[in-house]
Amino acid sequence: MSDFVNVAVDAMGGDNAPVETVKGAVEAITADKRVKVFLVGREPVIKEELKKYNYDSAQLEIVHAEEVIETGEPPVMAIRQKKESSIVKGMQMVRDGACDALVSAGSTGAVLVGGQVIVGRVKGVERPPLAPIIPNINGVSLLLDCGANVDAKPSQLLQFAKMGSIYMEKVIGICNPRVGLVNIGVEEEKGNALTKETYPLLRDCRDINFIGNVEARDIPLGTADVLVCEAFAGNIVLKMLEGVSDALIHKIKAGMMSSLKSKIGALLVKPALKKTLKSFSTEEYGGAPLLGLNGLVVKTHGSSKAVEIRNSILQCIAFKEQKINEKIREQMVLDD
């Protein structure tokens, strides 16, 4: 068995594939010698892209997959019919143990369906949530779910809280992470039927550090380390944060270039400002893991550039080393 953390990368998935996916893969293996990447996709195209780079061939292989699942295709049908697609082949490699993880910027629906149908859920997990890391003023929080389950049940949100707590403690290193329920008010009686039924389940759970409801405006302030919600609300929160972040970065840069005086000031604050702005860029934190599967599947933005692909690959190292799937499986056994 290889000592590498083996990561399959859907080389054909995403708006900028294969250029950015191949570049990100090369950057990842250059940054960390513990990881080996399997670029899954059309071999001639991948080989042509790889000619641009120098890299350690022991850390990279190509796995040919002729077909590509497009974003607009019905996910279930695509997974069933396109057996030679990069997503399906990558999923199969995770299922069969040839790889520890799959990273894809391809069709979200196909990744979600393939994760459950091909890789499979950990026994006891009702619904695997997509769980992206999002920046806040103190560091980062984990938001789950952000896109997999728009009609979740209270029992499923409880599982999200438990799995999210395991991830934040073991991968991010936050001891006893604070769990907040995303809601329209901090009072226990606030919210819709789902949040009202979920609140007592979280409050009475001894496996998590529940701090109560968290309003959207408090999310960027780092009020909670684990933010629990169903995917409809979670996706709105995520997209709003990304949009505001991009808008603020654009306005700050434009303001710095508006006059000679501001340009001089920009030169003085550039190092500190660059570091601060970088910390609020979501691409710096990699993709969103689909928690609760028998293997790791990471979904990145469809518009991912190399930096997000690279960071998504690298986040798989901690996931494997900290045995997150095993810990989630142990938690599910305890719940039985």
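Predicted model: local features only at pLDDT ≥ 70, side-chain atom pairs only at ≥ 80, totals over all residues.

Trainee: Which residue of β2 is the bridge partner of V5?

Mentor: V35 is the partner of V5. Here is the general idea. Strands of a sheet pair through backbone hydrogen bonds, either parallel or antiparallel.

Trainee: How many bridges join β2 to β3?

Mentor: Five bridges join them, and β2 (residues 35-41) and β3 run parallel.

Trainee: What is the strand order in the open sheet of six strands?

Mentor: The order is β3-β2-β1-β4-β11-β10, with mixed pairing. Look at the ends next. β3 (60-64) and β10 (288-289) stand at the edges, and each has a single partner strand, so one side of each has no neighbour in the sheet.

Trainee: Is β2 mostly covered or mostly open?

Mentor: Mostly covered: seven of its seven residues are buried. Now read the two faces. V35, V37, L39 and G41 point one way from β2, while K36, F38 and V40 point the other way, and all are buried.

Trainee: Which helix lies across β1, β2 and β3?

Mentor: That is helix α1 (residues 19-31). The helix runs at about 165° to β2.

Trainee: And how do I read a helix by itself? What does α10 reach from its first C-alpha to its last?

Mentor: α10 (residues 306-321) reaches 24 Å. That is close to the 22 Å expected at 1.5 Å a residue, for a helix of 16 residues.

Trainee: What should I note about a pair of rings?

Mentor: A pair of aromatic rings is described by the distance of the centres and the angle of the planes. In this structure the count comes to two aromatic pairs. Y167 and F319 form a tilted pair, 6.1 Å centre to centre, with 50° between the planes.

Trainee: Where in the chain do Y167 and F319 lie?

Mentor: Y167 is in helix α6 (residues 154-172) and F319 is in helix α10. They are 152 residues apart, and the pair links distant parts of the chain. Y167 is buried, with a relative accessible area of 2%. F319 counts as buried too, at 5% relative accessibility.

Trainee: What kind of aromatic pair do Y199 and F210 form?

Mentor: An edge-to-face pair, 5.1 Å centre to centre, with 80° between the planes. Y199 lies in helix α7 (residues 193-203) and F210 in strand β8 (residues 209-214), so the pair ties together parts that are eleven residues apart in sequence. Both Y199 and F210 are buried.

Trainee: What about the backbone itself?

Mentor: Most residues other than glycine have a negative phi, and most peptide bonds are trans. Then look for exceptions. The peptide bond from A17 to P18 is cis, with omega near 0°. P18 sits in the loop between β1 and α1. The bond from L144 to D145 is also cis, with omega near 20°. D145 is in the loop between β6 (139-144) and α6.

Trainee: What is the phi of N176?

Mentor: Near 50°, a positive value in a residue other than glycine. N176 is in the loop between α6 and β7 (178-182). N176 counts as partly exposed, at 46% relative accessibility.

Trainee: Which residue with a positive phi follows α10?

Mentor: K323 does, with phi near 50°. K323 is found in the loop between α10 and α11 (324-335). K323 is partly exposed, with a relative accessible area of 47%.

Trainee: Now the whole protein. How many helices and strands are there?

Mentor: Eleven helices and eleven strands. The radius of gyration is 20 Å, close to the 20 Å that the globule rule gives for 336 residues, so the protein is as compact as a globular protein of that length. Of the 336 residues, 50% count as buried.

Trainee: What box do the C-alpha atoms fill?

Mentor: Roughly 65 × 60 × 35 Å, taken along the principal axes.

Notes: Residues numbered from 1 in each chain as written. Heavy atoms only, no water. Helix = DSSP H or I, 4+ residues; strand = E, 2+ residues; numbered from the N terminus. Expected span 1.5 Å × (residues − 1). Pairing = 2+ DSSP bridges. Contact = heavy atoms within 4.5 Å. Axes fitted to C-alpha atoms, helices over the stretch in contact; angles between N-to-C directions. Phe/Tyr/Trp six-rings, centres within 6.5 Å; stacked < 30°, edge-to-face > 60°. Buried < 20%, exposed > 50% of the residue type's maximum accessible area, 1.4 Å probe, protein only. Rg over C-alpha atoms; globule rule 2.2 N^0.38 Å.
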